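Subject: Structure handover

Hello,

The structure we discussed is below, and my notes on it follow. Please read them with the coordinates open.

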Amino acid sequence: MSRFGQTLSLTILGASHAPEVGFVLEGFPAGVSIDDVTIASLLGRRRPGKKGTTQRQETDAFEWVSGVKDGMTTGEVIEARFPTKDARSKDYASIARIPRPGHADWPAWVKDGNHYDPRGGGRFSARLTAPVTLAGALALGVLKGLGISVFSHIASIGNAQDDRRFNPLGEDKDTIAALALRYPQALTDEAATRLMSEVETARQSANSVGGTIEVMVMGLPPGLGDHLFDGLDGALAASAFGVPGVRGFELGAGFSTASALGSENNDAYTLVDGNLTTTTNHAGGILGGMTTGMPVYYRVALKPTPSLGQPQQSVDLIAEAPAPLTVTGRHDPCIVLRAAPIFEAVTALTILDAMLTDNADLAYWKARTQAGNALKSIKARHDAASQEPTR
């Protein structure tokens, strides 16, 4: 499906080479100011055409169709459209009957037959992350007003690592923000040079390379989410896997917990200035599907871009015979470079949806986030709730 969310419902429209792509967003609160700075930042970081990315020149210019007036949301369904400017469908004429290795062509052809449109990846294309990013920017604007921040950071590309990582316990917010807003294509420090060298080596050999991205959310109150299949951890994983190219998701200490002892993995509780906190954050800020009040922290692994300029082996589906394939056109040698803001977007949408599903009153969440992990405030809220009449 091209839709996700319960109370905040996002539907993505279009395909890579369609005349336009866009979204319909239902359940978004009225009276929220449009944060043009956040929108420009996220879309600018995701946009193609920069060093190490595809040279398809889509400006990501968009127009509001409904739900926004005079810079504010109206409470109506929000719809936005991105006109397609630079599609070259002729580049895909030779692959209509030969599935590209690593792409969704074969299962999509089985599912949809000759109706499947493989141009630019069709409905599976990363082009559709442009409207996802815009919708996420709206959600980020709401979260910012509640004191909640979402950050992302490229941790590795290929075999190159950036040793500067988010501290799972949180640290100076300005330090995290500075790390999150690094643009490897534009920097010349040692870590950025290593990352971009991996991309350039792959590009020069008509190949591609993957990598990892880490995401951190700060300012979430404890108790957001639910158990089992409504857990916030599962919702974050589901939305992350909605981003093309994701092959792995790790919350907190992730797979390393499999080799740890319970005494090593448990996050011990303590009180600091009246706030209940933990001495470590192996849980990644979520236990039992609910936030603990610690920073939510996860990592994703993205595969190498499957479109290569090298000859690959495939099968002609019509002739029922082996067939060589060389993919032409313009493709990212590394999708990681443009993916970080997309995860900020889907994370913000997932968190805001969980909040609105739990309680649609933003003033309620403002009070919850301001109280944070203050034990006295949380106990007072419980005492007040216990005195309310039974309905």
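Phe4 has Leu10 in S2 as its bridge partner. This is a predicted model, and what follows should be read as such. The strands concerned, S1 and S2 (residues 9-13), run antiparallel and are joined by 2 bridges. They belong to an open sheet of 5 strands, ordered S1-S2-S3-S7-S4, with antiparallel pairing. Strand S1 (3-4) and strand S4 (63-66) are the edges of this sheet, each pairing on one side only. Helix H3 (residues 129-145) packs on the sheet. The strands touched by H3 are S2, strand S3 (20-26), S4 and strand S7 (78-83), and the direction of H3 makes about 35° with that of S3.

Another antiparallel pairing involves strand S17 (residues 312-316) and strand S18 (residues 321-325), which are linked over 5 bridges. Within that pairing, Gln312 stands opposite Leu325 of S18. S17 and S18 form a hairpin, and 4 residues lie between them. In the turn, Glu320 has a positive phi of about 55°.

Next, the helix packing. Helix H6 (residues 232-241) and helix H8 (residues 336-358) pack with their axes 9 Å apart, at an angle of about 145°. The crossing of H6 over H8 is right-handed. On the H6 side, the contact is made by Leu232, Ala235, Leu236, Ser239 and Ala240. H8 contributes Phe343, Val346, Thr347, Thr350 and Ala354. Sorted by type, the residues of this contact are 7 nonpolar and 3 polar, with no charged residue.

Is Val346 buried or exposed? Its relative accessibility is 3%, so Val346 counts as buried, the cut-off being under 20%. Apart from its neighbours within four places in sequence, Val346 is in contact with Val132, Ser239 and Val243. The C-alpha atoms of Val346 and Leu236 are 7.9 Å apart, although the two residues are separated by 110 residues along the chain.

Last, the aromatic rings. A pair of aromatic rings is described by the distance of the centres and the angle of the planes. The structure holds 5 aromatic pairs. One of them is Phe62 with Trp64: the ring centres are 5.2 Å apart and the planes stand at 80°, so this pair is edge-to-face. Phe62 has a relative accessibility of 27% and therefore counts as partly exposed. Trp64 is also classed as partly exposed, because its value is 26%. Ring pairs link Phe62, Trp64 and Phe82 into a cluster.

Trp106 and Trp109 make another pair, with ring centres 6.0 Å apart. Why is this pair stacked? The planes are at 25°, and the class takes planes under 30 degrees apart, so the pair counts as stacked. Both residues lie in helix H2 (residues 105-112), where they are 3 residues apart and so separated by about one helical turn. Trp106 is partly exposed at a relative accessible area of 47%. Trp109 is partly exposed as well, with a relative accessible area of 24%.

Regards

Conventions
Residues are numbered from 1 along each chain as its sequence is written. This is a predicted model: local features need pLDDT of at least 70, side-chain atom pairs count only at pLDDT 80 or more; totals for chains, interfaces and linings use all residues. Side-chain values use heavy atoms; hydrogens and water are left out. Axes are lines fitted to C-alpha atoms, for helices over the stretch in contact, and angles run from 0 to 180 degrees between N-to-C directions. A crossing is left-handed if the near helix is turned anticlockwise from the far one by less than a right angle, and right-handed if clockwise. Contact means heavy atoms within 4.5 Å. Ala, Val, Leu, Ile, Met, Phe, Trp, Tyr, Cys and Pro count as nonpolar, Asp, Glu, Lys and Arg as charged, and the others, Gly among them, as polar. Rings of Phe, Tyr and Trp (its six-membered ring) pair if their centres lie within 6.5 Å; planes under 30 degrees apart count as stacked, over 60 as edge-to-face and the rest as tilted. Buried means under 20% relative accessible area, exposed over 50%, partly exposed in between (1.4 Å probe, protein chains only). Two strands pair if DSSP finds at least two bridges between them.
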